[in-house]
Amino acid sequence: MEHKIGEQIARLRKEQEITQTTLAGYLKVSPQAVSRWENGVSVPDICLLPQIAAFFNVSIDELFGVSDYE
């Protein structure tokens, strides 16, 4: 499965007009970390997934770009 989480975070963040700095502050990570996720350089720590999903009000599945069982 292709890693889509960074693309999804970027899409959700832009749709809701949220800056990388705002998201980073909520998650207590650096804005550079958010940028690396969105650019596919790294991925968020697994412990952050519930917080990211809650921030955007989506399921963890949606963060991975999964809408139905594949």
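Predicted model: local features only at pLDDT ≥ 70, side-chain atom pairs only at ≥ 80, totals over all residues.
E38 belongs to helix 3, which spans residues 31-38. Its relative accessibility is 14%, below the 20% cut-off, so E38 counts as buried.

Among the buried residues of helix 1 are G6, I9, A10 and R13. I5, Q8 and L12 of helix 1 are buried too. The cover over the buried residues of helix 1 includes helix 2 (20-27), helix 3, helix 4 and helix 5 (60-63).

The packing of helix 1 against helix 4 was then examined. Two packed helices are described by the angle between their axes and the distance between the axes. Here, helix 1 covers residues 5-15 and helix 4 covers residues 49-56. Their axes lie 11 Å apart, at an angle of about 30 degrees. Angles under 35 degrees count as roughly parallel, so helix 1 is roughly parallel to helix 4. The crossing of helix 1 past helix 4 is left-handed.

Helix 1 contributes I5, I9, L12 and R13 to this contact. Helix 4 contributes L49, I52 and F56. By class, six residues of the contact between helix 1 and helix 4 are nonpolar, one is charged and none is polar. An α-helix has 3.6 residues a turn, so residues three or four places apart point the same way.

E17 follows helix 1 and has a positive phi, near 55 degrees.

Terms used:
Residues numbered from 1 in each chain as written. Heavy atoms only, no water. Axes fitted to C-alpha atoms, helices over the stretch in contact; angles between N-to-C directions. Helix = DSSP H or I, 4+ residues; strand = E, 2+ residues; numbered from the N terminus. Parallel < 35°, antiparallel > 145°, perpendicular 65-115°, else oblique. Left-handed = near helix turned anticlockwise from the far one by under 90°. Contact = heavy atoms within 4.5 Å. Nonpolar A, V, L, I, M, F, W, Y, C, P; charged D, E, K, R; others polar. Buried < 20%, exposed > 50% of the residue type's maximum accessible area, 1.4 Å probe, protein only.
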